[in-house]
Amino acid sequence: MERPEIKTPLPGPKAQEILKEHRKYISPSYPKGPDLVFDRAEGVWIWDVDGNKFLDMLAGVAVNSTGHRHPEVLAAIEEALGRFLHVSTDFYHDLEVKLAKKLAEIFPREGDRQMVFFTNSGTESTEAGLKLARHHTGRQYFIAFEGSFHGRTFGSLSVTSSKNVHRGRFSPLVPGVFFIPYPNSYRPPFNASPEKATDQLLDYVEHVLFERIVPPEEVAAFVIEPIQGEGGYVMPLPDFFPKLRALADRYGILIIDDEVQAGLGRTGRWFAIEHWNTTPDIIGVAKGIASGLPMGAMIAKAEIMTWPRGAHANTFGGNPVAASAALKTLQLIEESLMENARVVGDYFLKRLKELQERYEEMGDVRGKGLMVGIEFVKDRETKEPYPEFRDRVVLELFNRGVVSLGCGPTSLRFSPPLTIGKEHVDVAVDLLDEALKATREALSR
Ligand SMILES: Cc1ncc(COP(=O)(O)O)c(C=O)c1O
């Protein structure tokens with residue numbers, strides 16, 4: 001069985017040199033995980049500059065969806081490179097049309113036509129969705145959710161409320177955003193029982209927010225994450241999204257579904273929102289769409305994409321090399337990786353739940369497909385967060401050659417390449433067991 005191989009203390013000497021220079025020249029604003037300095041990567045494995053080998057259980061946070069350097073994706077990139085590097089959005093090419101058609105087809109809605117606006121990142125997909133919603137509805141307000149993350153440019157930041165370090169000292173943000181609690185299934189809003197929490201939350205929206213604070217006919221859209229990503233891999237209450245859809249329809253409000261982290265096969269469906277049988281009006285994607293090349297898209301029902309020529313555009317959207325990589329990525333996901341995400345994801349959850357029986361600190365183990373999180377708590381009854389434990393587990397895993405990352409106040413996330421097998425899960429879970437033991441020891445000292 002292939003396993004991680006750690007040969008030096010981490011970070012090793014060559015990594016340390018690069019880290020030193022990085023810290024000198026690169027903006028300190030980037031959040032950072034453990035000190036992993038990449039040399040190369042292949043499939044589910046990463047080698048650092050000191051020759052240490054890691055199992056990638058993160059995929060650059062859901063980006064390397066087909067694994068690192070998938071040969072068919074590389075071939076698609078080379079094919080495009082043989083033709084062009086850039087085609088101005090003032091002109092046309094076949095690859096972006098094919099990709100738009102594919103994205104329109106997989107949009108979770110039958111029969112109607114969808115249209116696509118190409119972007120280069122998640123935040124741009126959010127921006128495009130917010131702008132389209134305002135433009136189409138002629139309404140100004142948005143309702144977003146506490147703990148959500150939609151990006152870091154002004155519009156997307158304005159609907160983000162994941163951590164205040166993202167927002168601090170950047171105000172004034174875009175006005176007209178109201179936040180309501182996320183329908184967190186582990187910590188239901190208003191401390192309500194899980195069976196009643198959705199109704200209570202939507203009752204608050206309808207009878208407090210809409211009657212006293214913001215007239216619903218002035219609300220353009222609800223902005224949702226089907227599963228919160230940066231906020232902690234938080235699963236929604238199962239009845240929430242269908243009921244939100246019904247409420248939105250009553251008032252002509254759109255739903256913008258941010259699938260940047262959860263979308264495109266990762267959860268075992270094209271879009272995570274499909275697990276709750278809900279059809280959004282606008283979807284944002286990015287991250288995993290092109291296996292690692294920068295690309296994103298905002299997909300909307302054609303009857304909503306009514307803005308005129310010139311209303312919104314960009315320079316690089318639909319780049320042909322990225323579009324070629326994306327077409328191949330979606331093909332691979334459709335042929336086998338979405339199913340693999342479902343099967344291996346179920347197995348991963350089962351193995352983690354077994355581990356949870358031995359570790360009280362694993363308050364909640366959750367996920368869909370290969371979007372898997374663990375929320376750490378000091379006490380299962382009170383659910384008191386245990387961030388020091390989580391931070392230490394990430395480090396202990398890294399020291400054993402498994403790449404993961406924290407998210408939310410006290411959670412750990414795994415968003416591996418969709419190509420991983422059960423054998424990789426077994427290695428990750430064995431090493432997690434060791435990491436948990438080591439963390440307990442370290443924190444009890
Ligand atoms: C759900 C979600 N939306 C938007 C973004 C922003 O994406 P980007 O960093 O590509 O701008 C992220 C990034 O983590 C995300 O997880």
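Student: Which residues are closest to the ligand, and how many surround it?
Tutor: The shell holds 14 residues, and the closest are Ser121, Gly122, Thr123, Val260 and Gln261. A residue is near a molecule if its C-beta atom, placed from the backbone, lies within 6 Å of it. This is a predicted model, in which local features need pLDDT of at least 70 and side-chain atom pairs count only at pLDDT 80 or more, while totals for chains, interfaces and linings use all residues. Residues are numbered from 1 along each chain as its sequence is written.

Student: What makes Ser148 buried?
Tutor: A residue is buried if 20 or more other C-beta atoms, placed from the backbone, lie within 10 Å of its own, exposed if 12 or fewer, and partly exposed in between. Ser148 has 21 C-beta neighbours inside 10 Å, so Ser148 counts as buried.

Student: Where does Ser148 lie, and which residues does Ser148 touch?
Tutor: Ser148 lies in the loop between strand 5 and helix 6 (154–158). Leaving out residues up to four places away in sequence, Ser148 touches several residues, among them Val159, Tyr182 and Glu225. Two residues are in contact if their C-beta atoms, placed from the backbone, lie within 7 Å. Helices (H or I, at least four residues) and strands (E, at least two) are DSSP runs, numbered from the N terminus.

Student: Why are strand 4 and strand 6 called edge strands?
Tutor: The open sheet has 7 strands in the order 4-10-9-8-7-5-6, with mixed pairing. Strand 4 (114–119) and strand 6 (177–180) each pair on one side only, and are the edge strands.

Student: How do you know that strand 5 pairs with strand 6?
Tutor: Two strands pair if DSSP finds at least two bridges between them. Strand 5 (residues 141–145) is joined to strand 6 by 4 bridges, and the two run parallel, so they meet that definition. Within this pair, Phe142 stands opposite Val177 in strand 6.

Student: What is the handedness of the crossing of helix 4 and helix 10?
Tutor: The crossing is left-handed. That word applies if the near helix is turned anticlockwise from the far one by less than a right angle; clockwise would be right-handed. The axes of helix 4 and helix 10 (residues 320–356) cross at roughly 35 degrees and come within 9 Å. Axes are lines fitted to C-alpha atoms, for helices over the stretch in contact, and angles run from 0 to 180 degrees between N-to-C directions.
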